[in-house]
Amino acid sequence: MDYCKHETILYVSSIVEPVISWCDEVFPLYDENKSRTRPIVTWALIVVNGLVFYWEFMQGFNLSIFLTFGEVPALVLQGKQLHSLVTSMFLHGDFWHILGNMVFLFVFGDNVEDRFGHIKFILLYFVFGIGGGLIHSIVAVMFGGSDAFIPAVGASAAISGILGAYLVFFPRAKIVSVVPSFVFVRVAPVPAWVFIGFWFILQLLYSGGATSVAYMAHIGGFLIGLIVAKTVRLKPPARTKVGRSSIQSPPRFMTPHCEYCGKLVPYNALFCPNCGSRRVR
Ligand SMILES: [Zn+2]
């Protein structure tokens, strides 16, 4: 019986592993979704993360930096080094770690900042980061064994929250990505729900394995972002003044224009065919 089980696991992993490696190589370049406002907070976050990384580099990635400012789950849950819940969000382990995070922040941050507004966006950035970090700490202490003593760093939890919010706001937006196909890689637009859906499944698959990356922080941050974006009140679109007698009058709760990109949208469309945003009613 055990033998059968083992066979099944081998069979499943032979399917899962190519999927994982394929998903891992899909990389976003930009989204075809112009934000209406200047994403000053997103830019500022990228600059601050870059400056902190430069400081880490000048210190030679000293281990004491990570032990002092990184999030050590066992300490945080004892109420010690609580500052690390915030400071760990601005530390990165190596160049590829910060590059990956900043590209995601650059691609997805601007539109989410636009939707929330600058102030709400920066507050929620910390909510996602601290929330994801706490979830990671709880899971690491309960199930992680030695992970409870390894400092976790990175903006990933906060950026995962942004991905969750992006999925709610712009499910049909096109994310122009590098997609590996057979021997070649090509650049192709991928719908946001497909891109983020695969990303999330990847985090779930990874979280089952033993690695030093805090995938539970990604999953936690993502779910918080999803819930917040679903529940937060957005500015409703301007009401149209169309007489009730007109046969072609739209339902009163809908404008004929997308409230995000301003293009004309079919009256009962749930998503804008141009920018991919979910319509606000
Ligand atoms: Zn639109």
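Mentor: Two strands are said to pair if DSSP finds at least two bridges between them. The strands themselves (E, at least two residues), like the helices (H or I, at least four residues), are DSSP runs numbered from the N terminus. Residues are numbered from 1 along each chain as its sequence is written. The model is predicted, and for that reason local features are described only at a pLDDT of at least 70 and side-chain atom pairs count only at 80 or more, whereas totals for chains, interfaces and linings use all residues.

By these criteria, strand β2 (residues 174–181) and strand β3 (residues 184–191) pair in the antiparallel sense over eight bridges. Strand β1 (residues 27–31) pairs with β2, also in the antiparallel sense, over four bridges. Val178 of β2 stands opposite Phe27, and its bridge partner in β3 is Val187.

The chain has 10 helices and three strands. From the N terminus on, its elements run α-β-α-α-α-α-α-α-α-β-β-α-α. Two residues are in contact if their C-beta atoms, placed from the backbone, lie within 7 Å. Of the contacts between residues at least 6 apart in sequence, 70% join residues at least 24 apart.

Burial requires a further definition: a residue is buried if 20 or more other C-beta atoms lie within 10 Å of its own, exposed if 12 or fewer, and partly exposed in between. On this scale, 35% of the 281 residues count as buried. A nonpolar core is a set of buried Ala, Val, Leu, Ile, Met, Phe, Trp, Tyr and Cys residues joined through C-beta atoms within 7 Å. The largest such core has 55 residues, of which Phe108, Val112, Ala158, Ile162, Leu163, Tyr166 and Ala192 touch the most other members. At least two core residues come from each of α2 (40–58), α3 (63–69), α6 (95–116), α7 (118–143), α8 (156–169), α9 (192–207) and α10 (215–231). The largest share, 10 residues, is that of α8. Because domain 1 (2–231) and domain 2 (237–281) both give residues to this core, it lies between them; the domain bounds come from an automatic or database assignment. Apart from residues up to four places away in sequence, Val112 touches Phe121, Ile162, Ala165, Tyr166 and Phe169.

Helix α7 has 26 residues and reaches 37 Å from its first C-alpha to its last, close to the expected 38 Å. The 17 residues of α10 should span 24 Å, which agrees with the 25 Å between its end C-alpha atoms. Helix α10 is mostly covered, with 12 of its 17 residues buried. Among these buried residues are Tyr215, His218, Phe222 and Leu226, and what covers them includes α7, α8 and α9.

Just after α7, Gly145 takes a positive phi of about 60°. Most residues other than glycine have a negative phi. Pro151, in the loop between α7 and α8, is buried, with 21 other C-beta atoms within 10 Å. Its C-alpha lies 6.1 Å from that of Leu67, although the two residues are 84 apart in sequence. Beyond four places in sequence, Pro151 is in contact with Phe66, Leu67, Gly70, Glu71 and Val72.

The predictor's confidence in each residue, pLDDT, runs from 0 to 100; its average here is 83, and 80% of the residues score at least 70. Among the elements, α2 has the highest mean (96) and α1 (residues 2–25) the lowest (56). Values stay under 50 over residues 1–6, for which the model has zero contacts beyond four places in sequence. They also stay under 50 over residues 237–250, for which the model has 14 such contacts.

Terms used:
Expected span 1.5 Å × (residues − 1).
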